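These are my notebook entries on one protein chain.

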Amino acid sequence: MSFYEEIEKSVKILKKGKSLLYPTDTVWGLGCDAFNIKAIEKIYKIKNRSFSKSMILLVESMDRLCELVEEIPFFVKKILQENHRKKPITIVYENPRKIVSKLNTKDNTLAIRLTMDPFCSRLIQNLDRPIISTSANLSGFPTPKSFYEISPSILNNIDYAVNLRRKEISSYSSSSILKIVSNKVKILRM
């Protein structure tokens with residue numbers, strides 16, 4: 001299938017509330033529509049992950065990010081604009097809005113990555129909603145660096161695996177994570 005056919009098929013899967021295994025700007029991700037609680041619960045079950053551990057959202061544009069976050073400090077916008085060729089950055093924001101409560105943490109924060117990945121960007125744009133993104137591994141196990149390292153348990157329980165970039169080996173095992181608290185940056189993971 002072509003890139004565009006995979007986008008079209010993946011959007012249909014997500015609109016039906018199903019789970020998707022897909023390539024991201026870091027590693028292969030498990031995802032779903034970020035506004036579908038049943039689909040989110042399924043991702044937790046597939047990963048055997050505790051509901052107390054949050055997952056991140058992917059967005060494709062600053063406009064979409066602004067829909068989800070009350071205030072984005074200027075210096076954060078600058079970090080996001082200057083970082084597009086470096087390691088992907090996930091930012092934990094305070095006081096998210098318009099999102100499923102299961103994704104918020106106890107301190108009312110939400111991790112969001114503005115993706116530069118062409119597949120993810122087009123997928124989110126065509127779905128017209130943010131998507132969940134979590135690494136395609138069972139909770140507590142190593143993150144696979146390629147499609148062929150993904151556990152059979154994951155592969156047997158997802159609804160659809162995108163048929164692109166399966167031979168690639170990821171340059172990153174994860175994104176950097178920054179947390180914005182009272183307009184200050186705290187590094188959680190580099």
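**Entry 1: a salt bridge across the chain.** I began with R129 and D33, whose side chains meet in a salt bridge with 3.1 Å from N to O. I counted a salt bridge where a side-chain nitrogen of Lys or Arg is within 4 Å of a carboxyl oxygen of Asp or Glu. The pair links distant parts of the chain, 96 residues apart. I found R129 in the loop between helix 5 (118–127) and strand 6 (131–135), and D33 in the loop between strand 2 (28–31) and helix 2 (37–47). Helices (H or I, at least four residues) and strands (E, at least two) are DSSP runs, numbered from the N terminus. D33 is buried because its relative accessible area is 8%, and R129 is partly exposed because its value is 31%. For these words I used under 20% relative accessible area for buried, over 50% for exposed and the range in between for partly exposed, with a 1.4 Å probe and protein chains only.

**Entry 2: the source.** I noted that this is a predicted model, in which local features need pLDDT of at least 70 and side-chain atom pairs count only at pLDDT 80 or more, while totals for chains, interfaces and linings use all residues. Residues are numbered from 1 along each chain as its sequence is written, and side-chain values use heavy atoms, with hydrogens and water left out.

**Entry 3: other salt bridges.** Side chains of opposite charge can pair when their charged atoms come close. By my rule the count came to 8 salt bridges. E60 and R64 form one of them, with their closest N and O atoms 2.9 Å apart. I also saw that E60, R64 and D128 are linked in a network of salt bridges. R64 is buried, since its relative accessible area is 7%.

**Entry 4: R165.** I located R165 in the loop between strand 7 (160–161) and strand 8. Its phi is near 55 degrees, a positive value in a residue other than glycine. R165 forms a salt bridge with E168, the closest N and O atoms being 3.3 Å apart. Both partners are partly exposed, R165 at 27% and E168 at 43%.

**Entry 5: N48.** I found another positive phi at N48, near 60 degrees, again in a residue other than glycine. N48 lies in the loop between helix 2 and strand 3 (56–59). It is exposed because its relative accessibility is 63%.

**Entry 6: I72.** I placed I72 in the loop between helix 3 (62–68) and helix 4 (74–82). It is buried, with a relative accessible area of 11%. Not counting residues up to four places away in sequence, I72 touches M62, L65, C66, K77 and Y93, where contact means heavy atoms within 4.5 Å. I72 and Y93 are 21 residues apart in sequence and 8.2 Å apart in space, C-alpha to C-alpha.

**Entry 7: a surface patch.** V185, I187 and M190 form a nonpolar patch on the surface, with about 310 Å² of accessible area together. Patch residues have over 30% relative accessible area and no salt bridge; like charges are joined within 9 Å, and nonpolar side chains (Val, Leu, Ile, Met, Phe, Trp, Tyr) within 5 Å. Areas come from the Shrake-Rupley method with a 1.4 Å probe, and for residues only the protein chains shown count as cover. V185 belongs to strand 9 (residues 184–189).
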